[in-house]
Amino acid sequence: MSGAPRRGGRGPPRADTLTITMLPTQVTLVEVGPRDGLQNEAAPVATAQKIELVHRLQAAGLKEIEATSYVSPRWVPQMADNAEVMAGVRRAPGVRYSVLTPNLKGLEAALADAAARPDEVVVFAAASEAFSRRNINCSIAESVERFRPVVAAAHAAGIKVRGAISCAVGCPYQGEVTPDEVERVVVLMKSIGVDHCGIADTIGVGTPRRVQAVMERALKHYPLVEISGHFHDTYGQALANIYACLEMGIHTFDASIAGLGGCPYAKGATGNVATEDVVYLLHGMGIATGVDLDALVDAGAYISGVIGRASASRAGKALLARRGVAVAAPASA
Ligand code: HMG
Ligand code: MG
């Protein structure tokens with residue numbers, strides 16, 4: 001191409017005009033702190049404190065809250081009080097509560113108390129065989145066969161089923177995971193009637209173009225409205241990955257208050273992207289979330305105090321500092 005030489009020396013030609021991408025005007029946040037956040041805590045958190053956290057999150061305007069999980073208490077002792085948490089939460093109008101149910105036993109327990117039923121359940125598979133075995137003690141194919149009756153029973157009870165696909169970018173045991181491997185699980189989840197496809201970067205290794213490549217595969221099988229991103233922030237890429245998803249029109253994201261979280265079976269993985277940071281990003285771009293950031297920061301300060309560790313949320317800490325509140329140093333410091 002002829003024309004004026006570009007500034008900046010060699011390298012491939014680049015468009016001189018700025019491309020403005022239309023982003024969604026509204027985002028749904030699924031708060032996973034009470035589940036993903038607290039499942040990974042070494043010290044027990046009292047049931048009453050978990051319930052208080054849910055109350056603070058809903059008071060801050062979150063409309064989707066993953067409250068607990070009905071998994072084996074031997075595998076994840078922190079979630080052993082699942083029924084007490086669900087029974088203790090004062091339901092707020094318009095808020096949907098979800099729980100993890102890896103098998104029929106979990107679903108039956110979740111549905112046992114009619115007054116404490118979740119609005120949604122989550123089945124969770126992995127895109128890597130190694131992680132599937134470590135996390136839920138079976139192969140990917142076996143896990144999907146276990147989910148089949150869970151999906152059918154949940155639907156019969158009028159309950160929506162979200163599917164989470166872990167290790168969608170990388171696996172702590174296998175290493176890199178390809179979009180082909182993820183798409184295979186997306187197709188399996190779809191084939192058993194899972195309503196929603198959550199793409200999870202369990203160990204936070206993804207970068208924007210890699211994440212977009214995986215999301216493209218999910219979009220071949222699920223509509224935009226039924227796809228979400230779940231980004232752990234181990235390598236500090238989660239907000240960039242969320243932005244990359246927004247560019248594709250994806251508008252549902254999991255996030256965890258104070259950046260809590262991790263999976264006990266994903267060695268080295270740190271917390272999810274902090275809800276406060278996601279809300280700060282979105283509001284800064286004029287994207288509505290329905291969340292009151294100040295109240296959210298208070299909820300983050302509350303749970304950080306409970307666990308005795310400084311929040312991992314940069315926005316949360318900055319906003320507290322602006323109010324003149326001393327932010328505790330990390331327990332390990
Ligand atoms: P298993 O040992 O293969 O199960 O575990 P089993 O069917 O052989 O049963 C063994 C025992 O567990 C029996 O008890 C069952 O009754 C009991 P026993 O007769 O020995 O006394 N059991 C249960 N108890 C309570 N609730 C249940 C249940 N099922 C069986 N639902 C199982 C298989 C799936 C249960 C186990 O591996 C497990 O609980 N895994 C959960 C692991 C987990 O919770 N990981 C963290 C959540 S996933 C995550 O964090 C990733 C995510 O955030 C996305 C991302 O970031 O990637 C979602
Ligand atoms: Mg997770």
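These legends walk through some close-up views of a predicted model.

**View 1. Ligand 1 and the residues around it.**

**View 2. Polar atoms beside ligand 1.** Zooming in on Thr-202, you'll find an N or O atom of its side chain 2.5 Å from an oxygen atom of ligand 1. His-232 also brings in its side chain, with a polar atom 3.0 Å from an oxygen atom of the ligand. Gly-106 does things through its backbone instead: a polar backbone atom there is 3.3 Å from a nitrogen atom of ligand 1. As for how much of the ligand is wrapped up, on its own ligand 1 has 1,100 Å² of accessible area, and the protein covers 75% of that.

View 3. Look for ligand 1 in the largest pocket.

**View 4. The largest pocket as a whole.** This pocket holds about 780 Å³ of space. It is lined by 42 residues, and Val-71, Leu-100, Pro-102, Phe-124 and Ile-136 are the closest to its centre. Helices H1, H4 and H5 turn up again here, each giving two or more residues to the lining, and so do strands E2 (64-69), E4 (120-126), E5 (160-166), E8 (196-201) and E9 (227-231). Strand E5 gives the most to the lining, with four residues. Sorted by type, the lining has 19 nonpolar, 16 polar and seven charged residues.

**View 5. The second largest pocket.** Here the volume is about 280 Å³. The lining is made of 17 residues, and those closest to the pocket's centre are Gly-259, Thr-270, Gly-271, Asn-272 and Ala-312. By type, this lining splits into four nonpolar, eight polar and five charged residues.

**View 6. Two loop residues with a positive phi.** Most residues other than glycine have a negative phi. Asn-137 isn't a glycine, yet its phi is positive, at about 65 degrees. Where is Cys-167? Look in the loop between E5 and strand E6 (170-171). Cys-167 has a positive phi too, near 55 degrees, and it's a residue other than glycine.

Technical notes:
Residues are numbered from 1 along each chain as its sequence is written. Chains are lettered from A and ligands numbered from 1 in the order in which they are written. This is a predicted model: local features need pLDDT of at least 70, side-chain atom pairs count only at pLDDT 80 or more; totals for chains, interfaces and linings use all residues. Side-chain values use heavy atoms; hydrogens and water are left out. A polar contact is a pair of N or O atoms within 3.5 Å; within protein, one must be able to donate a hydrogen and the other to accept it, and residues adjacent in sequence count only if both atoms are side-chain atoms. Accessible areas come from the Shrake-Rupley method with a 1.4 Å probe; for residues, only the protein chains shown count as cover. On a 1 Å grid over the protein atoms alone, a cavity is a set of points where a 1.4 Å probe fits but cannot get out, and a pocket is an open set with protein on both sides within 12 Å along at least five of seven lines; lining residues have an atom within 4 Å of a point. A molecule sits in a cavity or pocket if more than half of its atoms lie within 2 Å of its grid points. Grid points are joined across faces, edges and corners, and a volume is the space filled by probe spheres set on the points. Ala, Val, Leu, Ile, Met, Phe, Trp, Tyr, Cys and Pro count as nonpolar, Asp, Glu, Lys and Arg as charged, and the others, Gly among them, as polar.
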